[in-house]
Amino acid sequence: MRLRLRPMAAAAAAAAVASPIIPSFLHPSRRFCLRLSLSMPRSTQRCFSSRSCVPCRRLTTVAASAKGDIEGVEERFDVIVVGGGHAGCEAALASARLGARTLLLTLNIDRIAWQPCNPAVGGPAKSQLVHEVDALGGEIGKIADRCYLQKRVLNLSKGPAVRALRAQTDKREYAMEMKKVVESTPNLFVREAMVTEILVGNNDKVEGVHSFFGVDFYAPSVVLTTGTFMSGKIWVGRASMAAGRAGESASQGLTENLQYLGFETDRLKTGTPARVDRRTVDFSGLEPQHGDEQVSWFSFDPDFHIEREQMCCYLTRTTKDTHKLIKDNLHETPTYGGWVEAKGPRYCPSIEDKIVRFQDKESHQIFLEPEGRNVPELYVQGFSTGLPERLQLALLRTLPGLENCLMLRPAYAVEYDYLPAHQCSRSLMTKKIEGLFFSGQINGTTGYEEAAAQGLVAGVNAARHSCGSPLIVLERESSYIGTLIDDLVTKDLREPYRMLTSRSEHRLLLRSDNADSRLTPLGREVGLIDDRRWDLYQSKQAHILEEKQRLKSVRVSGGDLAAEVTLLSGQPVKDSVSLESILKKPHVQYNVLDKHGYGNNLLTRMEKECVEIDIKYEGFILRQQSQLQQIVNQQHRPLPDDLDYYSMTTLSLEAREKLSKVRPQTIGQASRVGGVSPADITALLICLETNRRKASERKRLKSQRSFITDVNDLNSSPVLTSHAVNSN
Amino acid sequence: MALRALLGLHLHHLLLRRNPKFHKFPNLFNPKSLIPRSRTLISRFSSTVCSGKNLILTKDERAGTSGTVEGSGTIAAIVTSLGGGPAAVGIVRLSGPMAVDVASRVFRPAKRNGEVPWRPRSHFVEYGLALDLEGNVIDEVLAVPMLAPRSYTREDVVELQCHGSDVCLRRVLRACLEAGARLAEPGEFTLRAFLNGRLDLSQAENIGRLISAKSVAAADSALAGMQGGFSALVKGLRKQCIELLAEIEARLDFEDELPALDSSILIDKINLMWYDVQQALDTANYDKLLQSGLQIAIVGRPNVGKSSLLNAWSKSDRAIVTEIAGTTRDVVEAHVTVQGIPVTLLDTAGIRETDDLVEKIGVQRSEAAAMGADVIIMTISASDGWTEDDKKLMEHLQMNQMSTSFATPIILVINKIDCAPSITEELFEVDTGIFKKHVCTCAVTGQGIVELEKAILEVRGLDSIPAGGRRWTVNQRQCEQLLRTREALSRLKSSICEELPSDFWTIDLREAVLALGEISGVDISEEVLSSIFSKFCIGK
């Protein structure tokens, strides 16, 4: 064990030096708290945070001199984020923006916010995550809006809740833009380092991290976002090497350290397809897929709605030759050859999986997507494979349009360590080590959006933890972010987790159009939404509200509008009908009102869409809301953290084991733990109530007893007696 | 540590002074919770945040007030014992935040108009009628509202005291379930009483044991009931629902990878499922009839042969038969079995204007019997034809039915056909709309009785059950699931008819799956996903 001054001791020393009354080192964090909770405007935030650095430095000097300048300058922060991917960036940005002095440690500063797989952001359920992160003041949506190559709205006709935006992005531009934001954010410091050890102090509290080259960084909160790097190993055919991604070294040693600290780790696998040279592809016979003419946006901030020229994607298909080549060489793939056991995601199967499992399907769709405006690389979507590199080019050339293609990067699979997330609570803080947070792929997810969502939550909570504020938990019913985290920490997941709309029980309420009205007030309260954004938000809500009232009050009789509505909906239109009831009719959209001069020109397209959804689906939305409310009332009852499930003999044995492992925070979460039956929940409720009664009974007895003792004392002590007499 | 606590206190006051808004969640800044004590800290935080209700579940600001939704479900059950012979009175108990709401949909107080929402006074007994959702009278009941917290469960409780027969009780319970209540789990009233602090600790531990034992027993019996045909039906329906869900959901989550959905095939499937559920419910109906039977009232003018008909049907001399009009003065019962269903025949006094006091009471009873019966047999005499008195009597019956808005099916029996063999119903001025069926009988020879039995089964919708066919029994809980499934499928059909986007279809499909899966209670999302991944080649 290295000689290291405990921060508490250092703090005490600092306190003694600085001020005899109130310890000076606590000043910054006190201010930090204040600002957090009062959600002051951005300008004030800056002023607080810049000042907050000063005492920190003083503290550092004191601590270092106490050690006699042996180890040089000690680096002390409020929050350390390990990893600069999509989770790490959001975490670091959120934390720094909340005023916490934040250090972002990454293996390679040039790879910050890299998109190692698909050059795209969004899609069903994922786009909801992006909108939610943006509503909370996160960055992913803005960067995607800034760097898109193509945008499309999916599921347009399938209902407002499943409508999804997807953007093809310029991979390099994306990483560069995010890096710029990270580098220009006050309070945020970036450093290259490979973290090999978590420093843990007394009481299982995190104190910082230790790097491969022997430097210690100190902070009361540490966020781990290791992605695919922890003991990462990439595979091409039978050949493998230690790497987090192709060409980047893996992070070694941290897994063992985490295991030593008592964490359970496991292994997952995912893969990425080959990249081909666009200049060698013949697009003439391929079906083009263009972007939407009317571009939609991830961010609710109109400052980021800047249109740019779009690029085209292309569709090709597997052929008989493709299938034959794969079937002939199955033994050469890791899964069918049997030398890789880690589980890959079901929704991201390799091409050999598709062909083996769906024998009767003669052809599979393959998408060709550009990776950037200035690079020749094409991403071959749907064509990831474990075949050795020598077969990969031949395989690519079986696809129409790619007959003469050149390969730029081979497809490969990556295996990495993750920590089953039941070891975290829903704040993403680990249950074992206070102040240690996990987010992103380390929790077993896939996808940039899932990572960003967790990153934001972990970043906010890391900052709050550092200053002693209560941590934030987003309930399952509040958002896709909440659903994602609840699933992660509650269910025992053993394959990479991807967000899907069907994972949410109340997706009709968790739409992208209302992500801001669901979450921006929280973002404001937390301190991530500045005055400008807040004003924009409020005026948008006011517009929507006013418009809904107007539609309710304005009535029309007959005329062109009525005629067209009758035609569209196939339903008669009564005389003196309100615009609201017209909008409720099937196939009648807001633009019909616009067309006949009954619309409101002052509204933006988004605002009109919100109004339309609120009115058109009011009945369904209300029904879901009341169902949700019932669930909330039933399930949000908190469970004490120290429950001894093993002593509850009325619970089934399996339930006792699973509940002890997951340690759910609410009754609802308990009911979602696999192996816990409704009867177990009933039994649990009874145990809780019994415990409560016993506790209050004990309290009553105790107070009675102490009263009796008091009375005895009173009698036995002449002084007190006289005092009592006097007071009478 | 002490310093931090001091700071916490300091902070606390500072905050409260600086920002008055903070009184909303003072608990968050409880000085105690600022003392960092490793893990317990987290839980304290999260539980404070939970109860602080401000940070966790964010409200959709646009949605505004979501109305008066509350409560963890309102439960209903028959709380008096069933099956042990008819008791005088039976009780259906409702408990939960919506108890009054549900009761007001089922109970119509005699004193006021049915239109006004029922606003009960706690612990104040009211007399009235129990209606099903279509407004048909099911029973006369006493409603005893016991509003929270002055009730057994400390929730709003409404007890409906019904007639003691199983039929009445089950009908009233079913009406409550249709009106939005959920069938109580075994011991759930007691559980709620306990959880709401009603029972003392010494009782509590026993309840724990009792309830877990009961849940196991209930699960066992539920599983036992799920043997054979019924289980196969429910499982089959559930599987179909999951498959449909997978079809739709796959296209929502993996839009551009799958061909579009053929909605007409989907609609056909849903229709088939709806039909299956309806059939199962009919069977449930049949099952209940097997247990409790049908009541059939034989009414008509005096001396048209009602008593003879009863005697011929029951192959007995149960009723006294004379040539004198008005012989039968009280309601006479006889029991027969029709296709395995126990049937109680009620022979009634001939209905006519009379000055005879005893006969007058008899006539009143006849009318009451007719009101309470499942089927009414209106008897006329073939020799007299459709008389003015018959017409009056019919009008009278219809008036009664109108006042209760309860349409008991009526079968016209043309008795004494032997006296006028050539007569057919066209010869009578019969408004065919009133009668569901007509049958010609001869009480003396027993001619037409078989046809009459068939007609009865037909008007009660029992003929579609193949006699030797399904033999599984559907209990109340299973029936509740089927009801919920049917409602969900009906809503689904209307969503499709209104051409709502496909996402809205999944809402009700999920509900159907939930209802059908109540007993096994598995995680739907995972099942749907598995179905999607096994069925479709998905993933880029």
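User: Where is K416(B) found in chain B?

Analyst: In this predicted model, K416(B) sits in the loop between β12 (410-415) and β13 (437-440) of chain B.

User: Why does K416(B) count as partly exposed?

Analyst: Its relative accessibility is 24%. Partly exposed covers the range between the buried limit, under 20%, and the exposed limit, over 50%. The value for K416(B) falls in that range, so K416(B) is partly exposed.

User: What makes the phi of K416(B) worth a remark?

Analyst: K416(B) has a positive phi of about 55°, yet it is not a glycine. Most residues other than glycine have a negative phi.

User: What is the phi of L428(A), and where is L428(A) found?

Analyst: L428(A) is not a glycine, but its phi is positive, about 75°. L428(A) belongs to the loop between β21 (412-418) and β22 (436-438) of chain A.

User: How do you know whether L428(A) is buried or exposed?

Analyst: Buried means under 20% relative accessible area. L428(A) has 1%, so L428(A) is buried.

User: Why is K354(A) called buried?

Analyst: The cut-off is under 20%. K354(A) has a relative accessibility of 4%, so K354(A) counts as buried. K354(A) is placed in helix α11 (residues 351-357) of chain A.

User: What does the side chain of K354(A) reach?

Analyst: The side chain of K354(A) reaches the backbone oxygen of G382(A), at 3.4 Å. A polar contact needs a pair of N or O atoms within 3.5 Å. The distance of 3.4 Å meets that limit, so this pair qualifies on distance.

User: How do you know whether the peptide bond from A148(B) to P149(B) is cis or trans?

Analyst: Its omega is near 0°, and the bond is cis. Most peptide bonds are trans. P149(B) lies in the loop between β5 (137-146) and β6 (157-163) of chain B.

User: What is the overall make-up of chain B?

Analyst: Chain B has 15 helices and 13 strands. Of its 540 residues, 51% are buried. Chain B exposes about 24,800 Å², with 54% of that supplied by carbon and sulfur atoms.

Terms used:
Residues are numbered from 1 along each chain as its sequence is written. Chains are lettered from A and ligands numbered from 1 in the order in which they are written. This is a predicted model: local features need pLDDT of at least 70, side-chain atom pairs count only at pLDDT 80 or more; totals for chains, interfaces and linings use all residues. Side-chain values use heavy atoms; hydrogens and water are left out. Helices (H or I, at least four residues) and strands (E, at least two) are DSSP runs, numbered from the N terminus. Buried means under 20% relative accessible area, exposed over 50%, partly exposed in between (1.4 Å probe, protein chains only). A polar contact is a pair of N or O atoms within 3.5 Å; within protein, one must be able to donate a hydrogen and the other to accept it, and residues adjacent in sequence count only if both atoms are side-chain atoms. Accessible areas come from the Shrake-Rupley method with a 1.4 Å probe; for residues, only the protein chains shown count as cover.
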